[in-house]
Amino acid sequence: MAVVELFGTWFSPYAYRVIWALKLKGISYEYIEEDIRNKSPLLLQYNPIHKKVPVLVHDGKPICESTVILQYIDEIWPQNPLLPADPYDRAVALFWIKFADDKVYLMSKLYQADGEEQRAAVKEWLEMLEVMEEHALIGGKKFFGGDEINMVDIAFSFVAHWLGVLEDVVGLEIFEPHKFPRVSSWIQNFKSIPLIKENLPDADKMSAFSKHGREMMLASKSN
Amino acid sequence: MAEEVVLLDFWPSPFGMRSRIALAEKGIKYEHKEEDLRNKSALLLQMNPVHKKIPVLIHNGKPVCESLIQVQYIDEVWHDKAPLLPSDPYQKATARFWADYVDKKIYEVGGRVWKTKGEKQATAKKELIETLKLLEKELGDKPYFGGESLGYVDVAFIPFYSWFYALEKCGNFSIEAECPKLIAWAKRCMQKESVAKSLPDQQKVYDFILEMKKHFGIE
């Protein structure tokens with residue numbers, strides 16, 4: 001039987017996307033924790049272009065970029081499909097996955113910003129949340145995937161869990177639930193799913209780790 | 001039911017070119033609507049309210065946005081002719097990875113080549129050549145990224161060839177000198193009617209870039 005290995009880091013939202021996809025499909029895998037400050041030779045061999053996690057290695061063959069990995073997983077193991085079968089619905093799902101993918105950089109943008117830059121970053125976050133509220137979650141669905149989560153829910157997971165940690169680290173409330181009722185509902189539904197709830201990095205641990213890193217980074221910025 | 005296909009487009013857009021090529025490869029008849037990006041049509045704003053960008057593919061009244069998603073959609077709906085994505089899942093993943101790489105790198109780095117000068121431009125030129133060399137390495141000895149025939153990565157990448165002349169003039173360098181195999185690949189793609197008809201004349205693109213530079217006050 002082919003071996004499945006996943007290279008990730010304990011706090012990476014991208015790695016968690018792959019973990020959830022594999023678990024949803026009931027696929028056994030070996031997880032390898034990477035230290036991003038000291039990347040293993042194996043990781044650099046499997047992902048020479050980007051040198052990043054996650055990397056899925058299936059039967060010795062590496063696949064890089066989380067969205068590429070998820071589509072691969074969905075094609076190899078079709079049970080509990082992560083994308084709609086209809087080509088048009090699939091195109092719409094892929095649009096929202098790309099939208100989410102193109103916004104994840106807002107995490108590090110806010111993390112690294114202070115002063116005027118921080119105000120600009122917050123503005124961008126609010127604009128993104130508005131798009132989710134006004135365009136992505138219309139139709140009164142429980143999840144982006146309908147009654148069950150799919151790849152779009154997984155792609156937006158950084159909003160459901162990692163944003164809260166970021167707010168704690170920078171000491172700002174960006175997401176006000178009453179301003180984004182649909183997004184708020186979705187977050188609660190998403191985090192209630194046992195598979196998700198039981199497979200999330202510890203928020204306090206991430207917060208402490210990130211706060212320390214941010215202090216050092218901002219200190220060196222002002223020097 | 002007769003298929004109705006409309007493409008909202010802008011002639012120098014490499015992203016629009018991707019969908020033009022895919023539609024041509026499949027022999028699909030469609031209505032091409034040129035947009036004035038300084039005065040976007042009501043249709044564009046209605047069909048792509050999130051980004052308000054071209055290209056937008058409208059199939060039987062329903063919009064598909066984002067060029068690579070359009071190419072994949074076209075490939076799936078009109079699957080009986082000229083397949084663009086491989087059928088093997090691992091090869092498909094490899095194709096998606098490289099198309100994503102083109103998306104992440106070429107437009108942004110290429111943009112810096114014509115938008116900047118001095119040291120910033122020198123850095124951009126260096127990065128562009130490094131990126132192109134990596135793609136050249138991935139191509140290897142294959143006639144196309146897709147193997148024996150034009151594939152997904154070829155469609156994703158070849159539109160940027162129409163911008164090479166403009167970038168070379170702006171940056172005062174030769175891409176062919178650094179990446180001869182890549183230029184050979186590009187010329188091979190241009191032999192195909194679907195590509196030749198979808199890419200604008202390189203001089204026209206250069207004139208357009210010069211106008212943009214004037215408009216943005218870039219010397």
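A salt bridge is counted here where a side-chain nitrogen of Lys or Arg lies within 4 Å of a carboxyl oxygen of Asp or Glu. The structure is a predicted model, in which local features need pLDDT of at least 70 and side-chain atom pairs count only at pLDDT 80 or more, whereas totals for chains, interfaces and linings use all residues. Residues are numbered from 1 along each chain as its sequence is written, chains are lettered from A and ligands numbered from 1 in the order in which they are written, and side-chain values use heavy atoms, with hydrogens and water left out.

By this rule, 28 salt bridges are found over all chains. One of them joins the side chains of A:Glu133 and A:Arg182, with an N to O distance of 4.0 Å. This pair links distant parts of the chain, since A:Glu133 belongs to helix H6 (residues 115–136) of chain A and A:Arg182 to helix H9 of chain A, 49 residues apart; helices (H or I, at least four residues) and strands (E, at least two) are DSSP runs, numbered from the N terminus. A:Glu133 is buried, with a relative accessible area of 4%, while A:Arg182 is partly exposed at 36%; buried means under 20% relative accessible area, exposed over 50%, and partly exposed in between, with a 1.4 Å probe and protein chains only. A further salt bridge connects A:Arg37 with A:Asp35, the closest N and O atoms being 3.4 Å apart. Of these two residues, A:Arg37 counts as exposed at 70% relative accessibility, and A:Asp35 as partly exposed at 34%.

The two chains also meet each other. In all, 23 residues of chain A are in contact with 25 residues of chain B, contact being defined as heavy atoms within 4.5 Å. Chain A and chain B bury about 2200 Å² between them, 71% of it on carbon and sulfur atoms; buried area is the accessible area (1.4 Å probe) that two parts lose on being put together, summed over both. On the side of chain A, the residues that lose the most area to chain B are A:Ile49, A:Tyr88 and A:Phe95, which together account for 29% of what that side buries. Four salt bridges are found across this interface. B:Arg96 and A:Glu75 meet through their side chains in a salt bridge of 3.1 Å, N to O. B:Glu66 forms a salt bridge with A:Lys98, with the closest N and O atoms 3.6 Å apart; because B:Glu66 lies in the loop between S4 and H3 of chain B and A:Lys98 in helix H4 of chain A, the pair joins two chains. Both residues are partly exposed, B:Glu66 with a relative accessible area of 21% and A:Lys98 at 25%.

In chain B, four strands form an open sheet of mixed pairing in the order S2-S1-S3-S4, two strands being paired if DSSP finds at least two bridges between them. Strand S2 (31–34) and strand S4 (62–65) of chain B stand at the edges, each with a single partner strand, so one side of each is left without a neighbour in the sheet. The twist averages 20° from one strand to the next. Strand S1 (residues 5–9) and strand S3 (residues 56–59) of chain B pair in the antiparallel sense over four bridges, and B:Leu8 has B:Val56 as its bridge partner in S3(B). Helix H1 (residues 14–25) of chain B packs on the sheet, touching S1, S2 and S3 of chain B, and its direction makes about 155° with that of S1(B); axes are lines fitted to C-alpha atoms, for helices over the stretch in contact, and angles run from 0 to 180 degrees between N-to-C directions.

Several backbone features occur in loops. Most residues other than glycine have a negative phi, and most peptide bonds are trans. The peptide bond from A:Val53 to A:Pro54 is cis, with omega near 0°, and A:Pro54 lies in the loop between helix H2 (41–46) and strand S3 (55–58) of chain A. In chain B, the bond from B:Ile54 to B:Pro55 is likewise cis, with omega near 0°. A positive phi, near 45°, is found at A:Asn80, and B:Glu66 has a positive phi of about 80° although it is not a glycine.
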